[in-house]
Amino acid sequence: MTKTIFVTGGSRGIGAAIVKCAAGKYNVCFTYNKHKDLAENLEKELGSLGVVAVQCDVRDEKSIKNAVEFAKKRFGKIDILVNNAGISKSGLLIDLDEKEWDDVFAVNAKGAYLTSKAVLKDMLSRGSGAIVNISSIWGEQGASCEVAYSSSKAAVIGFTKALAKEVAPMGVRVNAVAPGAVDTDMMKCYTEDEIKDICSEIPLGRLAHPEEIASAVLFLAENEYITGTVLSVNGGWNTTNN
Ligand code: NAP
């Protein structure tokens, strides 16, 4: 029987690449928040391969429950969850207001918790399932002017490692991918010159293509003996000595 993958934030960027990579091999239910147009286009493009879109704000438990129910009604069950939806907020910590901090955590950290909770009960009772969380190089190494984002992505790593231990005895695996700089809308806050500077620090000399993150996500979802792992997909970028 074809397995089902549920991807949050699949309307664009890395999430859309995961949807495309999984289409044809899995039933795919992906969520969007604001970009209904992009989600509908992707659904149209891949609908014949069993890809459906549903609106969901991962800050809102009810919205997540509705989206998960939608996927279950359509495909029966969810075998793989990818917690990909995320936002970033750049700037000095002293200029960051409480609402901005809370929002970054609500999407990146609490969103992963709420969505995992919504799918876990079924996975635990079946004794199988896989969750892949999208962290970030900044969650591993920290970044100046990205303190809230880095902290939220470090929380995702802690969440991944702790939950992996908690649910492994029941046959559910939890891993994370920590991308470096990826060529998506999230990088649009940087000028061309800033992107060049970033690339000059990356040993492989370029940003990642979203598809390169997507294949790492599916690798972790599929390998039956990996759990509690954070896979860095960052072109060899190590900023800890900067
Ligand atoms: P992106 O292009 O900005 O796309 C973000 C996705 O998240 C969109 O699908 C968006 O939906 C969704 N989203 C945002 N807020 C949401 C909310 N409240 N509820 C539900 N969905 C929401 O970002 P990306 O670069 O693909 O990033 C994907 C993930 O990778 C994020 O977790 C990000 O932190 C992480 N990451 C990215 C990079 C990078 O360099 N790009 C590096 C490391 C880690 P709408 O389109 O409907 O708004």
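I call a residue buried if its relative accessible area is under 20%, exposed if over 50%, and partly exposed in between (1.4 Å probe, protein chains only). Helices (H or I, at least four residues) and strands (E, at least two) are DSSP runs, numbered from the N terminus.

I am working on a predicted model: local features need pLDDT of at least 70, side-chain atom pairs count only at pLDDT 80 or more, and totals for chains, interfaces and linings use all residues. Residues are numbered from 1 along each chain as its sequence is written, and side-chain values use heavy atoms, with hydrogens and water left out.

**Helix H2**

I looked up H2, residues 36-46, and found Ala-39, Leu-42 and Leu-46 buried. Down the axis of H2, the buried residues fall within an arc of 65 degrees (taken from the directions from the helix axis to the C-beta atoms), so they line one face of the helix. I then checked what they pack against: helix H1 (13-22), strand S2 (27-32) and strand S3 (51-55). Contact here means heavy atoms within 4.5 Å.

**The sheet**

Next I read off the strand order of an open sheet of seven strands: S3-S2-S1-S4-S5-S6-S7, with parallel pairing. Two strands pair if DSSP finds at least two bridges between them. S3 and strand S7 (230-233) stand at the edges with a single partner strand each, so one side of each has no neighbour in the sheet.

I also looked at one pair. Strand S1 (residues 4-7) and S2 pair in the parallel sense over four bridges. Val-7 has Phe-30 in S2 as its bridge partner.
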